[in-house]
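Please open the model in your viewer and keep the selection tool at hand.

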Amino acid sequence: MSLEEFRNFTIRDYHALFARGELSPSVLLEAFFQRIEEVDPLLHAFLFVNRENALERARRLEKEWKGKDSYPPLWGIPVAVKDNICTLGIPTTCGSRILEGFIPPYNATVIERLERAGAIVIGKTNMDEFAMGSSTENSAFGPTRNPFDLNRVPGGSSGGSAAAVAAFEAPVALGSDTGGSVRQPAAFCGIVGLRPTYGRVSRYGLVSFASSLDQIGPMTRTVEDAITLFEVISGKDERDSTCAPYPPFSREEIPPQEDIRTIKIGLPREYFSEGVDPRMVKVITAVLRELEKEGLELVEVSLPHTNYALEAYYIVAPSEASSNLARYDGVLYGMRKGGGQGLQDMYFQTRSFGFGPEVKRRILLGTYSLSSGYYDAYYLKGMKVRTLVRRDFEEAFATCHLLVTPVSPVFPFFLGERTKSPYEMYLADVFTIPSAMAGVPSIAVNCGYEDGLPVGMQIIAGPFQEGVLFALARFVEQMLSLPLPFPEIGPERRS
Amino acid sequence: MENVYVTIGLEVHCQLLTRAKMFCRCSTDYIGKTPNTLVCPVCMGLPGALPVLNRKALELAIKTALALQCEILPEVVFHRKNYFYPDLPKGYQISQYDFPIGVRGVLEFALQGVKKRVRIRRVHVEEDAGKLVHEGPDLRGAVSGVDFNRAGIPLVEIVTEPDLRSPEEAKECLVMLRSIVRYLGVSDGNMEEGSLRCDANVSVSLSPEIPGTKVEIKNMNSFRSVFRALSYEVERQTELLRAGKTPVQETRHWDEARQVTVPSRGKEEAEDYRYFPDPDLLPFRILPEMLQEIRATIPELPLQKKERFMREYELPEPEAYILAQDRDLAEFFEACVREFPSPRAVCNFILTEVLKNLNSLNIGIRESKVTPSMLAELLKMVERKEIGISLAKGIFEEMFRTGMSARDVMLKKGISFLTSERDLEKVVREVIEKNPQSVADYLRGKEKALHFLIGQVMRVTKGQASPEVVKNLLLRELSGGE
């Protein structure tokens with residue numbers, strides 16, 4: 001059996017084969033494990049492959065469901081999970097030395113929900129340390145490579161999940177998005193990535209980077225699968241106070257296909273400015289023209305505080321991070337170094353050795369922003385800008401239903417290309433940060449290729465309007481009918 | 001000798017009596033439990049765990065603020081107080097900052113009958129930290145462990161304005177504060193077990209115009225140590241000032257063993273806690289209905305009770321004050337008075353004998369074996385002059401020790417026969433018969449002879465009769481019967 005036969009499959013297609021007895025979860029798993037064995041030494045998408053546990057679970061599911069032909073929504077489906085989501089008994093490192101050896105004694109809410117829906121955790125994926133980065137080069141365990149070009153980055157911070165899904169090492173994955181960490185790597189790897197409305201998916205068990213921004217989202221090959229995953233993981237959770245008290249998302253919320261032409265699309269002019277790679281603008285503009293031909297209305301809108309969103313983000317997110325990461329002190333779990341010279345020595349050495357340079361940079365930035373005497377000028381000002389950014393979106397959505405923009409102003413760049421300048425790296429997220437700051441949902445969908453590299457289109461909706469988001473994303477996907485990725489990955493392609 | 005101007009402010013933490021911790025569902029019943037058995041990912045601060053507010057903790061803190069006549073802010077905001085310490089699992093404490101639960105309250109108490117009033121600056125709610133356990137040759141230990149059973153237990157913090165003028169006032173204020181939290185049922189206010197903790201700011205000046213230097217005193221683990229530490233500190237600062245020196249602004253620890261305050265080890269500069277609103281918790285709106293509901297659960301407070309006791313039972317103020325301080329004792333008093341409506345007698349007996357016995361075991365009235373009815377029965381016997389007060393004291397001690405009723409104690413000790421009036425009459429007649437000389441002396445007008453006869457009766461009865469009753473019986477017999 002070759003996995004390539006399944007390259008255009010959605011979860012429903014696997015279930016159809018399961019129901020006909022032509023495929024079983026354990027056979028499917030074995031196929032993915034084989035693929036991982038073949039390509040992951042080159043890609044390095046996984047930090048941990050959950051082989052034994054996953055196979056055992058697959059066999060148990062098969063036994064329990066023997067003779068049945070309808071399944072829970074994710075029954076028997078392997079899911080790759082970003083390594084900042086706690087998995088009971090499975091190492092969870094956040095791509096950091098400081099959490100090396102940490103095995104959570106509990107499951108994140110999303111993992112509980114995945115497993116209740118029959119999913120199988122196939123492994124934990126690589127990421128920028130504590131989700132801080134845009135290229136997965138900040139992983140303490142080495143970078144992940146882009147399946148379309150092994151010399152290029154897969155984006156980040158959920159680069160491992162994106163590469164795994166694009167290279168078909170897993171059919172679907174979970175990532176987390178703080179300022180673009182689901183959407184930007186999804187775009188770099190030519191797949192679908194959803195950042196839900198803040199509060200729509202429980203953060204319980206997601207290792208915090210910036211609590212007021214972090215959201216878990218599905219990373220999939222098709223919009224259809226993103227919808228299925230989102231239905232499973234979304235909804236109120238008693239264990240997360242910031243989780244909205246609403247029921248899970250239902251595909252019933254998606255407006256019917258025939259209403260698609262009533263959707264008015266806003267094009268924020270700030271997102272099509274000089275800073276954007278013109279080849280990218282060209283691809284997206286072509287798609288927009290087609291949408292117009294299909295009868296959708298396009299209007300120009302403005303999000304005037306876009307330019308300040310990035311700066312404000314780099315105050316607010318590091319501030320929260322500096323506090324969230326204080327718990328890694330060598331006392332209770334993870335790495336411990338030093339201590340011979342007392343408590344201070346243990347703190348200094350553990351944190352000096354345990355954290356990488358980008359994490360340290362952000363802890364310093366955040367600590368500074370929150371310090372007395374600077375709080376008003378930095379953190380408070382950052383929060384005020386955040387309010388202005390949110391208002392931008394409210395005003396834009398008064399004139400249109402959805403916004404369409406590029407996901408990132410740049411194509412997947414070469415490894416090492418941007419590591420020397422943090423600011424250059426931060427710019428890769430300039431179009432994903434504002435909607436994150438506003439707490440509104442957005443999705444990245446592939447809308448074409450240029451020079452063999454995928455181009456991502458971002459669709460942004462108002463709060464809790466994921467239904468409309470999915471409607472347009474699915475429409476674009478069907479209209480373009482691009483082949484789903486199954487890149488050939490071999491050492492000869494790595495120059 | 002010139003005047004000394006003392007300024008003291010208190011910062012008091014009370015553990016709130018909730019069943020579950022402040023942000024998780026772990027039990028708060030940690031005393032005597034094996035370390036780290038009442039923990040979960042949330043109170044251990046594991047990666048990914050998130051806090052969810054226990055509404056009960058908030059309600060108890062609001063109740064405290066209301067009882068202290070605070071203005072209640074319409075929105076509760078939790079802030080993170082960031083600092084590193086091994087007993088702090090998240091590297092920050094969830095506390096409150098610029099939007100505490102209550103502000104601008106008042107606490108009234110009395111010192112030697114003089115009314116005092118201290119302003120309350122703020123009341124807020126926060127989570128407790130874990131506890132370091134040191135094992136090894138010295139206090140710092142060779143091995144240090146952390147017990148997180150206590151981590152996450154809700155605390156209410158009460159900060160007074162620096163309105164207290166002496167260590168005595170500070171101690172009385174603290175006693176009243178404890179009394180109030182116990183009345184409210186929000187905390188058991190036990191300093192020895194650490195469910196009530198007190199830090200103090202002390203400054204001394206030789207002139208009312210010049211403010212002194214603020215020195216913070218920590219590690220006072222009993223009311224007595226609060227008084228002693230503050231007295232020591234006032235004296236220390238006074239001596240420095242008189243020698244022309246200025247006290248250093250610092251934090252000092254009370255060393256209970258040496259009975260001195262010593263500078264705390266640590267940084268000289270003020271710590272920057274980098275407070276910011278906790279993004280894991282949403283602001284909590286306090287609706288007027290919620291306030292009303294909580295207000296309705298506030299019982300009569302100590303000072304109100306004291307006033308009522310003075311009015312209703314005509315108790316003198318000092319006695320009423322002491323009774324009202326202890327809700328259980330006050331309730332015991334009232335229950336007793338219902339059966340034996342002689343409030344003064346009941347009050348006096350409680351404030352002397354009952355307290356003496358309670359204090360000797362260091363327990364509260366709730367834990368004693370004597371019920372209000374049992375005490376009423378005993379006092380009735382005294383009133384009927386069946387027994388004297390000194391005998392009653394002895395009987396009470398036995399009741400207190402064994403839980404037996406007064407009658408049972410008397411039966412067991414063989415007291416009842418000797419002391420009932422009829423038995424006494426017999427003894428009195430015998431004494432009169434055996435001492436004709438003294439009887440003659442008395443009848444000739446020698447008062448002293450009567451005392452001798454009383455003494456003789458008391459000797460025969462082994463001191464267990466009421467001298468009053470004996471005297472009356474003697475007088476009756478000597479005057480020739482009815």
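Select Ser438(B), Asp441(B) and Tyr442(B) in helix α14(B), which meet Ala449(B), Leu450(B), Phe452(B) and Leu453(B) in α15(B). Contact here requires that the C-beta atoms of two residues, placed from the backbone, lie within 7 Å. Helices (DSSP runs of H or I, at least four residues) and strands (runs of E, at least two) are numbered from the N terminus. By class, this contact of α14(B) with α15(B) has 5 nonpolar, 1 polar and 1 charged residues. Ala, Val, Leu, Ile, Met, Phe, Trp, Tyr, Cys and Pro count as nonpolar, Asp, Glu, Lys and Arg as charged, and the others, Gly among them, as polar.

The model is predicted: local features need pLDDT of at least 70 and side-chain atom pairs count only at pLDDT 80 or more, while totals for chains, interfaces and linings use all residues. Residues are numbered from 1 along each chain as its sequence is written, and chains are lettered from A and ligands numbered from 1 in the order in which they are written.

Now show the whole of α14 (residues 436–443) and α15 (residues 447–460) of chain B: their axes come within 7 Å and cross at roughly 145°. Such axes are lines fitted to C-alpha atoms, for helices over the stretch in contact, with angles from 0 to 180 degrees between N-to-C directions.

Next, select residues 51–64 of chain A, helix α3, which has 14 residues. Which residues of α3(A) are buried? They are Ala54(A), Arg57(A), Ala58(A) and Leu61(A); buried means that 20 or more other C-beta atoms lie within 10 Å of the residue's own, exposed 12 or fewer, and partly exposed in between, with C-beta atoms placed from the backbone. Seen down the axis of α3(A), the buried residues fall within an arc of 105° (taken from the directions from the axis to the C-beta atoms), so they line one face of the helix. Their cover includes α2 (25–43), β2 (78–82) and β3 (120–125) of chain A. On the other side of α3(A), Glu52(A) and Lys63(A) are exposed.

Remain in chain A and select Gly156(A) and Ser157(A), which are joined by a cis peptide bond with omega of about 10°. Ser157(A) lies in the loop between β3 and α5 (159–166) of chain A.

Finally, return to chain B and select Glu314(B), in the loop between α5 (302–313) and α6 (317–325). Glu314(B) has a phi near 55°, a positive value in a residue other than glycine, and is exposed.

Terms used:
The expected span of a helix is 1.5 Å times one less than its number of residues.
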